[in-house]
Amino acid sequence: MKAILIEKPDDTQTVSVSEVSETQLPEGDVLVDVAYSTLNYKDALAITGAAPVVRSFPMVPGIDFTGTVAESSHPDFKPGDRVVLNGWGVGEVHWGGLAERARVKGDWLVPLPEAIDLRQAAAIGTAGYTAMLCVLALERQGVTPDKGEIVVSGAAGGVGSVATALLAAKGYEVAAVTGRASEADYLRGLGAASVIDRAELTGKTRALAKERWAGGIDVAGSTVLANMLSMMKYRGVVAACGLAAGMDLPASVAPFILRGVTLAGVDSVMCPKPDRLEAWSRLSSDLDLGKLEEMSTELPFDKVVETAQRFLKGEVRGRIIVPVT
Ligand code: NDP
């Protein structure tokens with residue numbers, strides 16, 4: 001079967017489209033015929049070796065996939081079931097989705113809601129499912145559309161695009177932050193009420209700044225997140241999921257102790273199953289599938305490796321679907 005294979009025979013990592021035997025697949029109780037994988041920020045880090053995402057070699061990257069169950073000894077799945085997988089270390093420590101077949105633990109799989117097909121689920125991918133987890137985090141903290149505008153960073157990226165569309169569909173006013181002014185029309189098309197230059201959030205952080213937003217979804221970290229926190233309204237909530245700008249957080253406690261601001265961390269990888277089921281159910285009911293198509297591009301399997309470099313430079317828009325078969 002065809003797979004992308006990352007190998008590290010010495011200090012240097014190599015990546016190629018390879019033929020591997022199905023007998024090389026790792027252990028698991030469900031074998032899946034992969035229909036689509038996708039390209040996420042973490043996949044780009046793994047494929048380029050820009051960060052130590054891959055922790056065992058050789059590795060098939062691909063932190064997510066959608067497909068059909070081929071064989072199963074897990075009680076919840078039978079051949080023919082449509083499934084989606086996000087995270088759980090797949091594509092990092094366990095062979096991932098960028099291959100024609102994947103063998104995984106059935107406990108990691110989510111049955112696909114009726115309303116979405118395999119391609120749409122891939123278009124959503126880990127980025128979109130994480131965006132939904134961020135929206136759920138805001139909702140759980142009581143951020144409703146009447147509270148005020150929600151700021152979304154990295155809005156033209158995968159998480160940001162889906163977050164913008166989801167929030168707009170629920171009646172939130174979205175302020176989309178981007179470093180690419182050329183994507184302003186795209187972001188308005190997804191439902192953003194305003195588009196903000198990223199530079200407004202990358203300057204020196206003040207402990208507190210003028211109150212602007214009732215909530216935020218941040219994919220950037222570093223000064224972007226710190227500035228976002230300083231600009232939250234009283235009792236505002238920020239869901240933080242990413243590090244596109246950096247791992248650091250040069251912030252002050254002032255927003256927390258003087259404005260009651262909440263910083264909600266969002267992790268998609270080890271997220272418990274009930275939350276995954278809720279997120280996928282909400283994605284199937286809330287996400288405008290027309291907008292999902294607008295933000296999606298198909299990438300041929302043999303172009304994945306070269307595109308990973310462009311991805312890390314922030315040159316890729318929205319979501320990238322990789323048809324595998
Ligand atoms: P994308 O590359 O698609 O999007 C990231 C976007 O961030 C870019 O498109 C760009 O948007 C913006 N950006 C890039 N560089 C910077 C910078 N230096 N400062 C501020 N903004 C920047 O990636 P994804 O959407 O797939 O992932 C986004 C982040 O979320 C990543 O850090 C990823 O690791 C993380 N993530 C975390 C998950 C979790 O479980 N916690 C799950 C999924 C993703 P624009 O051009 O519009 O500014």
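**Helix 5**

I started with what covers helix 5 (residues 222–230) in this predicted model. Around its buried residues I found, among others, strand 8 (150–152), strand 11 (213–218) and strand 12 (232–240). Helix 6 (254–259) and strand 13 (262–265) are also part of that cover. My list of them reads S222, V224, L225, A226, N227, M228, L229 and S230.

S222 belongs to helix 5, yet its phi is positive, near 50°, in a residue other than glycine. I noted for context that most residues other than glycine have a negative phi. S222 has 20 C-beta neighbours inside 10 Å, so I marked it as buried.

**Helix 1**

Next I turned to helix 1 (41–48). Helix 1 is mostly covered, with 6 of its 8 residues buried. I wrote these down as Y41, K42, D43, A44, A46 and I47. What do the buried residues of helix 1 pack against? I found strand 1 (2–7), strand 2 (14–19), strand 3 (30–39) and helix 9 (304–312).

**The loop from helix 1 to strand 4**

I followed the chain into the loop between helix 1 and strand 4 (64–72), where I63 sits. Is I63 buried or exposed? I63 is buried, because 29 other C-beta atoms lie within 10 Å. Leaving out neighbours within four places in sequence, I listed the contacts of I63 as N40, K42, D43, G87, V90, G91, G96 and T126. Two of these names, K42 and D43, were already among the buried residues of helix 1. I also checked I63 against K2: they are 61 residues apart in sequence, and their C-alpha atoms are 17 Å apart in space.

P58 is in this loop too. The peptide bond leading from F57 to P58 is cis, with omega near -10°.

**W88**

I looked up W88 in the loop between strand 5 (82–86) and strand 6 (101–104). Its phi is positive, near 60°, and W88 is not a glycine. W88 counts as buried because it has 20 C-beta neighbours inside 10 Å.

**Domains**

The domain assignment gave me domain 1 (2–112 + 295–323) and domain 2 (127–265). Their centres, taken over C-alpha atoms, are 29 Å apart. In the contact I found 8 residues from domain 1 and 11 residues from domain 2. The domain 1 side of that contact has 2 nonpolar, 4 polar and 2 charged residues.

I also checked UniProt, where an unreviewed entry places "domain: Enoyl reductase (ER)" at residues 10–322. That span is 30% helix and 24% strand, and its end C-alpha atoms lie 29 Å apart.

**The ligand**

Where does the ligand lie relative to the two domains? Domain 1 and domain 2 both give residues to the shell around the ligand, so I placed it between them. There are 32 residues around the ligand, and G154, A156, G157, T178 and G242 come nearest. By class I noted 15 nonpolar, 13 polar and 4 charged residues in the shell. Helix 1, helix 2 (118–140) and helix 3 (158–169) each supply at least two residues of the shell.

**Confidence**

Last, I checked the scores. The protein averages a pLDDT of 97, and 100% of the residues score at least 70. For the complex, the predictor gives an ipTM of 0.99 and a pTM of 0.97.

Technical notes
Residues are numbered from 1 along each chain as its sequence is written. This is a predicted model: local features need pLDDT of at least 70, side-chain atom pairs count only at pLDDT 80 or more; totals for chains, interfaces and linings use all residues. A residue is near a molecule or strand if its C-beta atom, placed from the backbone, lies within 6 Å of it. Helices (H or I, at least four residues) and strands (E, at least two) are DSSP runs, numbered from the N terminus. Ala, Val, Leu, Ile, Met, Phe, Trp, Tyr, Cys and Pro count as nonpolar, Asp, Glu, Lys and Arg as charged, and the others, Gly among them, as polar. Domain bounds come from an automatic or database domain assignment. UniProt positions are given in the numbering used here, feature names are shortened, and annotations may be inferred rather than shown by experiment. Two residues are in contact if their C-beta atoms, placed from the backbone, lie within 7 Å. pLDDT is the predictor's confidence in each residue, from 0 to 100. A residue is buried if 20 or more other C-beta atoms lie within 10 Å of its own, exposed if 12 or fewer, and partly exposed in between; C-beta atoms are placed from the backbone.
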